[in-house]
Amino acid sequence: MKFKCERDTLISALSRAGRAVTAKAAPVAGLSGVLLELSGDSLAVTGSDVDLTIAARVTVSGSENGTALVGARLLTDVIRSLDLGAVDVELDEQALKVRAGRSEFSLRTMPAGDFPTIPLLGEATVTVDGPSLVSGLRQVVPAASGDESRPVLTGVLVMSRGDGLRLVATDSYRLAQRDLPSVEMAVDDKGVLVPSRALDEMTRLVAGDVRVGVQLDDRTVLFEVGDVRLSARLINGDFPSYEGLIPTSHPNRLVTDRKLLLDAIRRVRLLVPAQRSMRVRMQADSLTLSATAQDVGDATEEVNASYDGEELLIAFNAEYLHDGVEVLESDEIVLLTADSLKPALLQSSDTDDFLYVLMPLRVT
């Protein structure tokens, strides 16, 4: 294998593929590397942890086809350290030679056969509007669980809904649901569970007004964004019956400015230790946030609001409350509640395409 490529072009491909490389101790040595495959002037750079695979393709000036498996982090650091300009890469026996200017590196390679055989799907069968899909995912993905002992909660339920798509995620303490009426995908009304990590990585690939190619089979989902292909293994299991978690009775209704509330939450949460609660008091024409940290101090801030209902004091996990307000896309938001023990509902004042259900904490 022998080719020449601009440094920044190579860094871009390595960085994208490297995001799929496992950061933990790899059970298979090849999982710590990126696979370089040169055919003519086309270089494919692939990283994988088996569950997630990202392959980026770039155009280079190639002279000898070949394949090499080399440590992902080291190769990326080496290329990034070089001066701007062309980089010469050549596979020489069991070493990958990297040259640029007066710099020269010789990196030991691993047997290419140590890289797992990843069955990538064929060409995408449908394309969807990238910005619309990303908008929905950015609202829903943060609500997925990071607890790998409950794998079904680490995924996002992707299902058809009418003439569009519905995305749902929950970690059992909060739930986010987004309907995308303009986006259609080849899924049924039962849906599939896509790892939230894969969807988060996919959103990083979308820039500008682009189409995203999608293909699904019984075990795998494939996304194509430009010259990058991302595939992930679907999660087996039954997603919770989420519709019963969404409150239907909420006699108390508060309307306030999203930015003012978000700024207030960010200030008050400075006094909230990890996983502790923020108190929210709602009364006529105002909302008051407060927090107390033992041996540190306390914080209180009042936010202008329109409130219709009984005076109520309720507490939420400060991080979860912040996340819900942050991902709402309207200038004005609505907080619907029943009492201090029942789930609350956050949504925009002008659309019901997105809703965020938040379980309260005991007021202390």
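**View 1. Buried residues of helix 3 in the predicted model.** In helix 3, the buried residues are Gly130, Leu133, Val134, Ser135, Gly136, Leu137, Gln139 and Val140, where buried means under 20% relative accessible area, exposed over 50% and partly exposed in between (1.4 Å probe, protein chains only). Helix 3, which spans residues 130-140, is thus mostly covered, with eight of its 11 residues buried; helices (H or I, at least four residues) and strands (E, at least two) are DSSP runs numbered from the N terminus. This is a predicted model, in which local features need pLDDT of at least 70 and side-chain atom pairs count only at pLDDT 80 or more, while totals for chains, interfaces and linings use all residues. Residues are numbered from 1 along each chain as its sequence is written, and side-chain values use heavy atoms, with hydrogens and water left out.

**View 2. The salt bridge of Arg7 and Asp8.** The structure holds 22 salt bridges, each defined as a side-chain nitrogen of Lys or Arg within 4 Å of a carboxyl oxygen of Asp or Glu. In one of them, the side chains of Arg7 and Asp8 meet at 2.9 Å, N to O. Arg7 counts as buried at 14% relative accessibility, whereas Asp8, at 43%, counts as partly exposed.

**View 3. The salt bridge of Asp179 and Arg166.** The closest N and O atoms of Asp179 and Arg166 are 2.6 Å apart. This pair links distant parts of the chain, since Asp179 lies in strand 13 (residues 174-180) and Arg166 in strand 12 (residues 164-170), 13 residues apart. Both Asp179 and Arg166 are buried.

**View 4. The salt bridge of Lys259 and Asp263 in helix 5.** Lys259 and Asp263 form a salt bridge whose closest N and O atoms are 2.9 Å apart. Because the two residues are four places apart in helix 5 (residues 258-268), Lys259 and Asp263 are separated by about one helical turn. Lys259 counts as exposed, at 54% relative accessibility. Elsewhere, salt bridges that share partners join Arg19, Asp200, Glu201 and Arg204 into one network.

**View 5. A negative surface patch that includes Asp350.** Asp257, Asp331, Glu332 and Asp350 form this negative patch, a patch being made of residues with over 30% relative accessible area and no salt bridge, with like charges joined within 9 Å. Asp350 sits in the loop between strand 24 (344-348) and strand 25 (354-358), and Asp350 is exposed, with a relative accessible area of 61%.

How values were computed: Patches are made of residues with over 30% relative accessible area and no salt bridge: like charges are joined within 9 Å, nonpolar side chains (Val, Leu, Ile, Met, Phe, Trp, Tyr) within 5 Å. Accessible areas come from the Shrake-Rupley method with a 1.4 Å probe; for residues, only the protein chains shown count as cover. Lys and Arg count as positive and Asp and Glu as negative; His and the chain ends are not counted. The place of a charge is taken as NZ of Lys, CZ of Arg, CG of Asp or CD of Glu.
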